Amino acid sequence: MKTKGFFGFVIAALLLVMLSASCFAAAELIVEQKTSLDRSEFTKSTELRNPGITFTTSGDIIIGFTTASGGRTGSGLFAEKLDSSLAKIGSAKRLVDEALPKGDVAAITNPRSGDILLVWHEGKTAQRIKGDLLSDSLEVKESYDNFLQSPHLQVEPSLAVSDFGYVGIAWTDWMQRSNGPDSYDVYVKAYDSRMKIIEHSRGTATDDRKQTKPSAAFLSSSNLSVVYQVENTPVSYGSDIIMKVYDVVKNYTFEDVPVEISLGNQYNPKAAAIGNNTIFIVWEDEKDNNYNIYGKIMAQDHQLSDKFGIAVTQYDEKMPVVASLGDYVMVAWIERAEKDIIKAQLYKRNGQEVGSTITADNSSTFKNNLVATAYDSNFLLAFEDYNNLKRDISLVKINLKRDKPLYVLEGSTANQTIAEENLTEKLDNIQQQKEKQSFFGIVWGFLKSLFSR
Ligand SMILES: [Ca+2]
Ligand SMILES: [Ca+2]
C-alpha cells in the first residue's frame with residue numbers, strides 16, 4: 001500500500017509539472033489553413049490581384065480584390081465573404097466593372113457600426129481613390145465617388161479605425177504638382193463612426209520631396225499616426241522613414257517623428273496600433289547591400305525604441321506587414337531566396353521576440369502584394385500568388401496559441417475576447433466612451449468646441 005501511495009504521489013507530481021509546463025509554455029504561431037480564392041466564377045485567364053482584407057465583428061473575413069482578363073486592361077473590383085475556416089460564403093460581389101485599371105485595395109471593419117469600408121484607386125489618367133461602405137453581408141450602403149475631393153492623381157490608400165470608430169485614411173497625392181514631376185505628398189483625412197467628415201482634420205506632408213507609401217494606425221481613439229517613406233533631394237541619405245501624428249478631433253499636428261533616418265534606402269513602412277498609445281513600425285532597409293526587415297516601437301510620448309532586426313539574412317526580405325492583437329504582434333514578409341517564401345515572426349507588444357520565425361507559405365510560386373490583419377486569436381495573410389499559368393490570390397490563417405487565457409468582455413463590441421494585459425485599457429476605453437455619450441459629455445464637448453474656435 002505504501003509503495004502504491006508513493007507511486008501515486010510521483011504520478012500526481014509529474015502531472016502537476018506537466019500541467020504547469022503547459023501553463024508556462026510560450027505563445028506560438030500555428031499555420032491553420034491555406035486556400036486560394038475560388039476561381040469558378042471567373043474565366044480561366046482571369047487574373048486575381050490586389051487583395052485587401054478585414055475580419056468582420058463576428059469573425060468572418062471580407063476580401064476585396066481586382067480582376068484582369070488575359071493581360072488586357074479591362075478589370076473589375078470584387079468583394080467576397082469567407083468564414084473563419086476560409087470557406088467561401090455566397091458568391092463574389094461585383095462592386096465596379098469598368099475597363100480601367102484599379103489597384104491598392106484596402107479594407108477595414110468599423111467596430112462601432114460593424115460596417116466594412118473598402119477603398120481602391122481607379123482611373124487611367126486621373127487616378128482617384130474611391131470607396132464603398134458595405135454591410136457584413138456585402139450590401140453597398142454608400143458609395144464614395146471621388147472620395148477625397150482632389151482633382152489630381154491619388155494612389156496607395158491606407159485605412160485605420162479606432163476603438164471609437166473614427167476612421168482615418170491616408171494616401172499619396174500629386175496635388176502639389178507645381179513642385180515638380182516627382183512631388184508626391186501624403187495626405188490624411190478622418191471621419192467619425194457614421195462616416196461624417198471630422199472638420200479640419202486634413203493634415204499633409206507637402207514639401208517638394210517625394211513622400212509615398214503611407215500606412216495609417218490610430219495610437220488612441222483620436223490620435224492618428226501615418227508613417228511614410230521620403231525620398232530626399234538632393235540624395236544624401238537616400239530614402240528615409242518619417243511618421244506624422246494628428247489629433248483628428250482637436251485638429252492638431254504633432255512634431256514629425258523621424259522613425260529611421262540613416263544612410264542608404266529605407267522603404268515600404270507599415271504600422272500597427274498595439275494599444276496603450278503605442279505603435280509597432282516595420283520597414284525594409286537596403287543599406288546592407290541587400291534588403292532586410294527592421295522594426296521600432298513608438299510609445300505614447302512619441303519616443304522611439306532602439307531599432308531591432310526582424311529578418312536579416314543574405315536573401316532579400318521585402319514587403320513587411322504587421323498585424324496586432326494588442327498583446328501580441330505578428331510581422332510577416334516575403335523572403336526572395338531561390339523562390340519566394342512567406343515568413344512570420346511573433347512579438348510581444350513590448351517588442352520582445354517570441355519563439356522563432358515560422359514559414360507561412362512555401363509553395364513554388366511568385367508572391368506579391370502581401371497584406372495582413374488580425375482578430376481575436378487569429379492572424380490572416382493574403383497575397384498574389386502566381387506563375388506563368390495563373391495569377392491567384394491565396395490566404396493563410398495563422399492561429400495564435402496564447403500562454404494565458406482570454407477573457408470575454410461583455411458589453412464590448414461583439415463581446416470579443418480579450419487578453420488579460422489589455423483588460424484595464426479596454427475597460428478605461430469603454431468608460432470614456434460612456435462618458436462621451438452621456439448628455440453632459442455632449443454638452444461639455446459642445447462648450448469645449450466653442451472655446452477652441
Ligand atoms: Ca536613408
Ligand atoms: Ca536580407
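This is a predicted model: local features need pLDDT of at least 70, side-chain atom pairs count only at pLDDT 80 or more; totals for chains, interfaces and linings use all residues.
Biologist: Let's start with the open sheet of 4 strands. What's the strand order?

Modeller: The order is S6-S7-S8-S9, and the pairing is antiparallel.

Biologist: Which strands are at the edges?

Modeller: Strand S6, residues 102–109, and strand S9, residues 140–144. Each of them pairs on one side only.

Biologist: And how are neighbouring strands turned against each other, on average?

Modeller: By 15°, with direction ignored.

Biologist: How many bridges between S7 and S8?

Modeller: There are 7, in the antiparallel sense. S7 covers residues 116–122 and S8 covers residues 128–134.

Biologist: What does His121 pair with in S8?

Modeller: Its bridge partner there is Ile129.

Biologist: Moving along. How many bridges join S8 to S9?

Modeller: 4 bridges, and those two strands run antiparallel. Leu134 stands opposite Val140 in S9.

Biologist: What's in the turn of that S8 and S9 hairpin?

Modeller: The hairpin has 5 residues between its strands. Leu138 sits in the turn and has a positive phi of about 70°.

Biologist: Back to S8. Is Lys130 buried or exposed?

Modeller: Lys130, a residue of strand S8, is buried. The cut-off for that is 20 or more other C-beta atoms within 10 Å, and Lys130 has 23, so it qualifies.

Biologist: How far is Lys130 from Leu118 in space?

Modeller: 8.5 Å, C-alpha to C-alpha. In sequence they are 12 residues apart.

Biologist: Why does Lys213 count as buried?

Modeller: Because it has 22 C-beta neighbours inside 10 Å.

Biologist: And Asn276, where does that lie?

Modeller: In the loop between strand S19 (266–273) and strand S20 (279–285). Asn276 has a positive phi of about 55° too, and is not a glycine.

Biologist: How many C-beta neighbours does Asn276 have inside 10 Å?

Modeller: 16, so Asn276 counts as partly exposed.

Biologist: Last one, Leu406. Which strand is it in?

Modeller: Leu406 is in strand S30, residues 406–408. With 16 C-beta neighbours inside 10 Å, Leu406 counts as partly exposed.

Biologist: What separates its C-alpha from that of Glu420?

Modeller: 6.5 Å, while Leu406 and Glu420 are 14 residues apart along the chain.

Conventions:
Residues are numbered from 1 along each chain as its sequence is written. Chains are lettered from A and ligands numbered from 1 in the order in which they are written. Two strands pair if DSSP finds at least two bridges between them. Axes are lines fitted to C-alpha atoms, for helices over the stretch in contact, and angles run from 0 to 180 degrees between N-to-C directions. A residue is buried if 20 or more other C-beta atoms lie within 10 Å of its own, exposed if 12 or fewer, and partly exposed in between; C-beta atoms are placed from the backbone.
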